[in-house]
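Try each task before reading its solution.

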Amino acid sequence: MTARSAPDRLLAVLAAFDHTHPALSLTDISRRAGLTLTTAHRLVGALTEWGALERDPDGVYHVGLRLWEVAALAPRGLALRQIALPYLEDLYEATHENVQLAVRDGSEVVYTEWISGRSAVGVHIRVGARWPLHVTGVGLVLLAYGGSELQEAYCAGPLESYTAHTITDPARLRRMLAEVRRTGVAVSSRQVTADALSVAAPVRGPGGAVAAAVSVVVPHADAQVPVLVPAVRLAARGISRALGWQPEGRQH
């Protein structure tokens, strides 16, 4: 077995934390990172001193503010969120439903912003949450515009199912992706929960490549897709322009 390098061990400690494990004891970190207790203690101490981890009075560790400070520098994170937020707020005011902004990281979609109202349909989303690309509207958009190599590799892998409506057939997924590219919008119906439908559109960067996706999630029972599509497209177009994208024919 190859010995793990010091950076690998440090990253393993940080990777021990996730949305279902936001607070861990030293023993938990040791177990989840696959490290001896002595090694975990040394690395956790160094990370805590730097500010990547914080220890509460009960001896439980949490991700520290120093990591948040560094993560805020990511151009696809806080910077994108700040540019997009006015348009997301407009979309929320027009619908009073869940509004989301997301980017792709490998074969997953990562949510960078989420606005929700009291009466909006429940969703399993929070900022920083990850989901497979094929099960959400934003994920379908990002997969559809991710290139043929990504799509073929993704369709060849197992397609995880969450409800009876989740797309698990590669041929059907390929057809859906082609439809997204044709129409410029994705509609994901009851794929994550049986009561929700999302409508998503691509956000383009200065060169025209798709950099993110924006969506609105509504109750499936009374979803009015023809009404939602123009609103989502308008928000996506506004964010794209704010990022520096110019429609064809208006390039200088």
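The exercises that follow concern a predicted model.

**Exercise 1. Classify the ring pair.**
Find the aromatic pair and determine its geometry.

Solution. 
- Start with the count: the ring rule gives 1 aromatic pair.
- The ring centres of tryptophan 131 and tyrosine 162 lie 5.0 Å apart, and the planes meet at 65°. Pairing requires centres within 6.5 Å, and an angle over 60 degrees counts as edge-to-face. The pair is therefore edge-to-face.
- Now place the partners. Tryptophan 131 belongs to strand E5 (residues 130-132). Tyrosine 162 is in the loop between helix H7 (148-156) and helix H8 (170-183).
- Finish with accessibility. Tryptophan 131 has a relative accessible area of 13%, so this residue is buried. Tyrosine 162 is at 30% and counts as partly exposed.

**Exercise 2. Locate a charge over a ring.**
Which ring lies under the charged end of arginine 204?

Solution. 
- The ring belongs to tyrosine 145.
- The distance from the charged end of arginine 204 to the ring centre is 5.2 Å. The cut-off for this distance is 6 Å.

**Exercise 3. Describe the surroundings of threonine 95.**
Is threonine 95 buried or exposed, and what does this residue touch beyond its sequence neighbours?

Solution. 
- Threonine 95 lies in helix H5 (residues 78-95).
- Its relative accessibility is 17%. Buried means under 20%, so threonine 95 counts as buried.
- A polar atom of its side chain lies 2.9 Å from the backbone oxygen of leucine 91.
- Setting aside neighbours within four places in sequence, threonine 95 contacts Val216 and Leu228.

Methods: Residues numbered from 1 in each chain as written. Predicted model: local features only at pLDDT ≥ 70, side-chain atom pairs only at ≥ 80, totals over all residues. Heavy atoms only, no water. Phe/Tyr/Trp six-rings, centres within 6.5 Å; stacked < 30°, edge-to-face > 60°. Helix = DSSP H or I, 4+ residues; strand = E, 2+ residues; numbered from the N terminus. Buried < 20%, exposed > 50% of the residue type's maximum accessible area, 1.4 Å probe, protein only. Lys NZ or Arg CZ within 6 Å of the ring centre and 35° of its normal. Polar contact = N/O pair within 3.5 Å; in protein donor to acceptor, adjacent residues only side chain to side chain. Contact = heavy atoms within 4.5 Å.
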